[in-house]
Amino acid sequence: MIILGCGYIGQALAKRYRQRGEPVVGVVRSAQTAMEVEAAGARVLQLDLSRDDLASLEPAGKQLFHLAPPPSEGDDDPLTAHLIEAFEHYGHPRRLVYIGTTGVYGDCEGAWVDEAWQPRPTASRSLRRWDAEQRLRQWSRESGAELVILRVAGIYACDRLPLARIRSAQPVVKADEAPWSNRIHAEDLIEICIAAMERAPSGAVYNVCDGHPSTMTDYFCQVADAAGLPQPPQIPLAEADGQVSAGMLSYLKESRRLSNQRLLEELGVHLRYPDLAQGLAPCF
């Protein structure tokens, strides 16, 4: 099992496989992350997946999770392009599970969105992910290797909550103007990754979310309530530019409600945290 991009989710995934007694190779770029992956019990390869020779991956016939993020600029993903070139030289993995983003759908004006919805990304962060999906689909068709795509919503966990932001009283958009957003608990995401690797049909695409969309404002307010903190101040959407970060502003320009029906039915996944309230309950 090879995990490319062994950050927060990759390390949790590596730990789960090691608990099952399965060997894991975690691929990271930094020395600090390499130490964290070793602590998770995995063998480490320290590589720059965008530039280095990738012979040491030895990907032929392996199972591979691709969690490595694209570069932070541009509209394409040269990292994934370089990875596919390495497969051509050193052998194709048997199965690749790509962890992408629901951002590829773009702004859906609050509509309910399933996997048949035509992606229309506009933000650069989403265009890069869409480029990766398209490259991987072409690679799978031409090589015959199996591919599963997970389009993942916002990830949260007890140790990944915006408490500092809430304590600093940064504003959020008024509840009645906030766009729809979606999320998934990290522990459920790990189980979904494993299920996708083990039993998803090749070529499958899944929305990875808890199926209970709300708004970013609701998210911040629920976290504040659960932590016993004052709710953040609310401002009109028209005043958000300049009062919230550029990254947050880009998310506020998109609204969609994601269906996870295919995930639940085809993979038989039972979510431990099917909504935000249940996900926050163990945290405080």
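Visitor: What makes up the secondary structure of the chain?

Guide: The chain has 10 helices and 15 strands. Helices (H or I, at least four residues) and strands (E, at least two) are DSSP runs, numbered from the N terminus. This is a predicted model, in which local features need pLDDT of at least 70 and side-chain atom pairs count only at pLDDT 80 or more, while totals for chains, interfaces and linings use all residues. Residues are numbered from 1 along each chain as its sequence is written, and side-chain values use heavy atoms, leaving out hydrogens and water.

Visitor: How do you know that the chain agrees with a compact globule?

Guide: The radius of gyration is taken over C-alpha atoms, and the globule rule is 2.2 Å times the number of residues to the power 0.38. For 284 residues a compact globule would come out near 19 Å; the chain has 19 Å, so the two agree.

Visitor: What makes F87 and W139 an aromatic pair, and which kind?

Guide: Rings of Phe, Tyr and Trp (its six-membered ring) pair if their centres lie within 6.5 Å; planes under 30 degrees apart count as stacked, over 60 as edge-to-face and the rest as tilted. A search of the whole structure finds four such pairs. In F87 and W139 the centres are 5.3 Å apart and the planes at 45 degrees, so this pair is tilted. F87 belongs to helix α3 (residues 78–90) and W139 to helix α4 (residues 124–143), so the pair ties together parts 52 residues apart in sequence.

Visitor: Why is the pair Y219 and F220 given its name?

Guide: The ring centres of Y219 and F220 are 5.6 Å apart with planes at 55 degrees, so this pair is tilted. Y219 is buried at 9%, as is F220 at 4%. Together with Y156, Y219 and F220 form one aromatic cluster.

Notes: Buried means under 20% relative accessible area, exposed over 50%, partly exposed in between (1.4 Å probe, protein chains only).
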